Protein chains: 2
Amino acid sequence: MNFSVSEENYIKSIYHLQVQHQRVNATMLAAMVNTKAASVTDMLKKLQKKKLVDYEPYKSFILTEAGSKLALTIVRKHRLWEYFLVNKLGFAWHEVHDIAEELEHINSVELITRLDNFLDFPSFDPHGDPIPNSRGKMSNLKRSNLLEIPLKKTAIVNYIQDQSVTMLDLLKHYQISIGTKIKVTRRFEFDGSVEIKINKLPDAVLSSQVAKNIYCTV
Amino acid sequence: MNFSVSEENYIKSIYHLQVQHQRVNATMLAAMVNTKAASVTDMLKKLQKKKLVDYEPYKSFILTEAGSKLALTIVRKHRLWEYFLVNKLGFAWHEVHDIAEELEHINSVELITRLDNFLDFPSFDPHGDPIPNSRGKMSNLKRSNLLEIPLKKTAIVNYIQDQSVTMLDLLKHYQISIGTKIKVTRRFEFDGSVEIKINKLPDAVLSSQVAKNIYCTV
DNA sequence: TTAAATTTTTAGGTTTGTCTAAATTTATTG
DNA sequence: CAATAAATTTAGACAAACCTAAAAATTTAA
């Protein structure tokens, strides 16, 4: 079965909302797909008829099994394209979202299979989000920021929340990037700052504002 | 200005029809975009309003300067993506058209600039059609291999597909290199081998495996 | 637990791109 | 050069995806 770009965008958005909240309501979804609640109702009826969502009027809703499967293929395409744009075409990670938003709707299983192979089956996209494999499975590693991870456990940086120029500048200075192995050796209670250790570099201290934005898998 | 996928498809089709015939009529165009003449009329009015076609009711029509420019950007995207699909993802040349048909509508100048650079600024797509550069300029010749070119027409070698040492060795023996003027004088049906004539050299016969890898413009 | 606030749905419209059938214009040809 | 054929346009509809405004259902909270 084939789905329109709009249908795919709704399914993808429901998926992302479900990850955070358990169930999704029309207002949340309308905001996410950048439309009005009335339009969401129309679309929900269509998606229900296609058995992609479990929906009853006036109730919150969730994806069916088929809906989740579809969502994962879209997420997979999006993240693989982001990886391609950054690692092959040399885009910066903050520039690729909108383009991947278009590329994720290109319709060819063979294309994605070959792209995945060409990219050497990456597990995380440039933002650090896990990429579902061809069967829809992906890493379930918990992602925590440097304020949350346990002390003295080696972690691998895989996501930077604040992607402002000033933040990137600071990260460059500390030689922190996606993939960097990092350990929190100490927390200072007074201001929440953390002492970190990176490989053989001298110890450094990051403010809590900075540490809060650096996510890693432990 | 931004254009819908439909508008782009019409413009691209008018362009391709113009290359063959000078002017385009509704019946030809309807067949090419796989729709009905009435729909073509509707779209022509819209494209005229946007100054992409020179059109008067009941008359044949052509692209304006702006229309041609747009057409070339679409052709450029299509052919660059085809090149990518074949030379990076390993698709066969006959498998890529439909996918490129979707990819050509992805909207990002930066993406195409970077893709072009990543592919090392190719001049021909996998079907031998010339790729417009960023200013819309391209070769006005099609590239074919020695199995495809017409008999007894002088052609100029401009690309060797298989660049293995053994192939280069063989080419040296036959005194074939980029720029060589070559003519196919005969084809042997049994094994697909071709008899060639190069300037004042004695006639020679190339196997189909070799001929297939030698590309030229006629 | 009822009134107010919020959320969701319905009703009725719009735009884009398509269609069929009928009318009109242009081209062909006896 | 008139009549037939072919091409093109118009008129009126339809589906998808959206909208606003009003009605209905649900939730909150006084």
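1. Chain A has eight helices and eight strands. Helices (H or I, at least four residues) and strands (E, at least two) are DSSP runs, numbered from the N terminus. The model is predicted: local features need pLDDT of at least 70, side-chain atom pairs count only at pLDDT 80 or more, and totals for chains, interfaces and linings use all residues. Residues are numbered from 1 along each chain as its sequence is written, while chains are lettered from A and ligands numbered from 1 in the order in which they are written.

2. The C-alpha trace of chain A spans about 60 × 40 × 30 Å along its principal axes. Of its 218 residues, 33% count as buried (20 or more other C-beta atoms within 10 Å of the residue's own; exposed is 12 or fewer, partly exposed in between; C-beta atoms are placed from the backbone).

3. The largest nonpolar core has 30 residues. Such a core is a set of buried Ala, Val, Leu, Ile, Met, Phe, Trp, Tyr and Cys residues joined through C-beta atoms within 7 Å. Two or more residues each come from α4 (65–87), α5 (97–103) and α6 (109–118) of chain A, and from α4 (65–87), α5 (97–103) and α6 (109–118) of chain B. The largest share, six residues, is that of α4(A). Leu85(A), Val96(A) and Leu85(B) have the most contacts inside the core.

4. Leaving aside neighbours within four places in sequence, Val96(A) is in contact with Glu82(A), Leu85(A), Val86(A), Phe91(A) and Pro126(A). Contact here means C-beta atoms, placed from the backbone, within 7 Å.

5. Chain A also has an open sheet of six strands, in the order β3-β8-β4-β5-β6-β7, with antiparallel pairing. Strands pair if DSSP finds at least two bridges between them. β3 (143–145) and β7 (204–206) of chain A stand at the edges with a single partner strand each, so one side of each has no neighbour in the sheet. Three bridges join β3(A) to β8 (residues 214–217) of chain A; Asn145(A) has Tyr215(A) in β8(A) as its bridge partner.

6. Around DNA strand C there are 21 residues, of which Asn25(A), Ala26(A), Ala38(A), Ser4(B) and Ala38(B) come nearest. A residue is near a strand if its C-beta atom, placed from the backbone, lies within 6 Å of it. Elements giving two or more residues to this surface are α2 (26–32) and α3 (37–49) of chain A, together with α1 (5–20) and α3 (37–49) of chain B. The largest share of the surface near DNA strand C, five residues, comes from α3(B).

Notes
Contact = placed C-beta atoms within 7 Å.
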